[in-house]
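Subject: Structure handover

Hello,

Please find the structure below. My notes on what was found in it follow.

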Amino acid sequence: MKFSFYKVLAVQFLIMLTCVSCGGPKLSVADRQMSRGEYFNASRTYRAVYNSLTKRDDRQLKGEVAFRMAEAHRKLSQWGQAEAAYRNSIRLGYPDSTARINLAEMLVAEGKYSQAADAYGEYLQIHPDSKIAIAGLNKARWAQSAKKQTSRYIVRKDRIFNTQRSEFSPMLQDGTLYFTTTNEKVKGNERSDITGMKMSDIWMSRKNEQNRWMAPEPIEGDINTDMDEGICSFSPDGSVMYFTRAQKSKEADTSVGIYTSHRNNARWDEPERFVINGDTISNFGHPAVSPSGEYLYFTCDLPGMGGYDICRINLKHPERRPENLGCAVNTEGDEKYPYLLTDSIMYFSSDGHPGFGGLDIFKAVLSPDGEWKVSNMGMPINSPGDDFGITFDRTSDIQSGFFSSNRNDRRGYDNIYSFELPDLKVRIDGWVTDHDDEPVKGAVVRIAGEDGTLRRTASGANGEFTFKLQPGVKYIMMAGAKGYLNARKEFTTDTAETDALYEIEFVLASVTKPNILDNIFYDFDKASLRPESKKALDGLVKLLNENPNITIEMASHTDRTGTEEYNQNLSERRARSVVEYLIAEGIDSRRLQYHGFGKSRPKTVTVRDAAKYPQFREGDILTDSFIEALTSESDREAADQINRRTEFSVLSVDYNLY
């Protein structure tokens, strides 16, 4: 009977697989995409299959699909989405305990070290001898303790180098910053099956006469093609560039190799493949030339300690025989992105050494006896995400440079960050933006401290500003600009005698266009406000109290579902609910109006919307016809989500003044 029962289950599962492949999104298509490494496409197809399984009998298959979808998101470094999918697979009864250990890894990558430790513990109850789980548990405990000891490095996201796509692996050479980018202006038109972004190119940025970095542009010469190029290094005199190129072929797997190009008449010549020890089969990449020019360090998948290892060759030796750097550097995990500050100080990234999650940046010092001593650079250089591709400014009086990271990016995209290790000091960096996440240039920012500090500055082109601070002081800050309402914030610096970097963002409400009010939630098909709306509404109460001379109109908008009469009525009641809340909190009713617009005013996609939903472009108008023309149900749902909104407009700024 037991054998027959399991045979019946197996037959039922095969029937479900067959049904999924008969019409609509196909599981077989997603699996083939996954096997080819097309993780971006696979994640979307798995999502479509998952959403199509709505019957109770689909539970077993839905758990399987959730696991495969989680695997695709994990490959894309989309930690949060992978975590959610792994949790769904476990909740739906997916039997393979791999889901639990992979969930633990995602929790580490998100910095949820305590939860990760619990997840590893649950896995070890099933597999008590798992070396991977034991190492993961130790890593989570290490990170939970080590994150309390942050270093004095100051880290900033450098907006001038970053776009809405990935920028990574910066390299400083003779005052020029080279980096790898997948922005929409790169040379080729083909998109990566893995990430969904364009193939990467090498771009560069130079400084102007005011010592400020200028807008990046493609490097000169013949290096960039419709293939992936990036992650470059240079000979000591700057005349030879070494870089990575990934060449795709229909007849074989993608081949990753190191190429060289020579500088000639202010241009880079046609590149040539740099063959290492006659090997044209293995993958070689991430080149790094030692300052003396004697060695070339690189990442490769030659048989060694684990996945990818760091090796080196003697450039002056004709055989170019690779030398593995050994177990002090290389682990059972991946070691990548070497960089040589000196001939005996190397920086690299690894997910095998104890770290904070994903790839961390490590410093390795070569001792006189030939042994490497490795140490984690700590936070904030490292984060729960992937941190890699560091480069140093050798001309600076302080330790400074750039690196790349996908921290705090739910899409898994990489960005370039700058870092410096100055003398001990305390300061605050801030940005002034509007409700559409557009920078407000020239905003006046004032700061007053209990120690007598009284200063002002104007925000820069990207809305940025900075002030030096003192430890243990309470500060009040105010930001304002023409055409916007003022905003006010208070904070107190820590008393610790260490460097401290604070960050603050002023989001100014416009007096000339509607302002989206985020995180306003209603029960389905109702106008009653849900409790989680209180924080956003209290922020609006604070804004009205700080600007007592303004009157506003609350507006509510619905999506395209339902009749015009129904949507008009629902949006009217929802806008009225917000006004009633504001009145209950003490705001004069004469300062408030409300209006429901139903679906009559479709949203125009803003910069902020496009960043959150990259399938849309800034300026798209989400009309019924636009949405219905979208081929993906998830894209249509996203467009409807953007259209469902609550916003306020400033009607006047002189209430009760006369």
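Which residue takes a positive phi in the hairpin of β6 and β7? Gly238 does, with a phi near 75 degrees, and the hairpin has 5 residues between the strands.

First, the ground rules. This is a predicted model, in which local features need pLDDT of at least 70 and side-chain atom pairs count only at pLDDT 80 or more, while totals for chains, interfaces and linings use all residues. Residues are numbered from 1 along each chain as its sequence is written, and side-chain values use heavy atoms, with hydrogens and water left out.

Strands around β7

Helices (H or I, at least four residues) and strands (E, at least two) are DSSP runs, numbered from the N terminus. Two strands pair if DSSP finds at least two bridges between them. Strand β6 (residues 228-234) runs antiparallel to β7 and is joined to it by 5 bridges; Glu229 has Arg245 in β7 as its bridge partner. β7 also pairs with strand β8 (residues 255-264), again in the antiparallel sense, over 8 bridges. There, Val240 stands opposite His262 in β8. Strand β7 (residues 240-247) is largely enclosed by the rest of the structure, because 7 of its 8 residues are buried. Buried means under 20% relative accessible area, exposed over 50%, and partly exposed in between (1.4 Å probe, protein chains only).

A four-stranded sheet

An open sheet of 4 strands runs in the order β11-β12-β13-β14, with antiparallel pairing. Its edge strands, β11 (284-289) and β14 (323-324), each pair on one side only. Strand β13 (residues 309-314) is joined to β14 by 2 bridges, and Arg312 has Glu323 in β14 as its bridge partner.

Nonpolar cores

A nonpolar core is a set of buried Ala, Val, Leu, Ile, Met, Phe, Trp, Tyr and Cys residues joined through side-chain atoms within 4.5 Å. The largest has 45 residues, of which Tyr46, Val65, Tyr86 and Tyr120 touch the most other members. Elements that give two or more residues to this core include α3 (39-52), α4 (59-75) and α7 (113-126). The largest share, 8 residues, comes from α6. A second, separate core of 24 residues includes Met204, Phe234, Trp268 and Tyr417.

Val65 touches Leu27, Tyr46, Val49, Tyr50 and Leu53, leaving aside residues up to four places away in sequence; contact here means heavy atoms within 4.5 Å.

Asn51

Asn51 is in helix α3 and counts as partly exposed, at 41% relative accessibility. From Asn51 to Ser205 is 154 residues in sequence and 44 Å in space, C-alpha to C-alpha.

Cavities

On a 1 Å grid over the protein atoms alone, a cavity is a set of points where a 1.4 Å probe fits but cannot get out, and lining residues have an atom within 4 Å of a point. The whole structure has 2 cavities of 30 Å³ or more. The largest has a volume of about 100 Å³, and its lining includes Ser169, Cys232, His286, Tyr337 and Ile390. By class, that lining has 9 nonpolar, 3 polar and no charged residues. The second largest cavity holds about 30 Å³ of space; its lining has 5 nonpolar, 1 polar and 2 charged residues, with Arg273 and Asp279 among the lining residues. In these classes Ala, Val, Leu, Ile, Met, Phe, Trp, Tyr, Cys and Pro count as nonpolar, Asp, Glu, Lys and Arg as charged, and the others, Gly among them, as polar.

Regards

Definitions and conventions:
On a 1 Å grid over the protein atoms alone, a cavity is a set of points where a 1.4 Å probe fits but cannot get out, and a pocket is an open set with protein on both sides within 12 Å along at least five of seven lines; lining residues have an atom within 4 Å of a point. Grid points are joined across faces, edges and corners, and a volume is the space filled by probe spheres set on the points.
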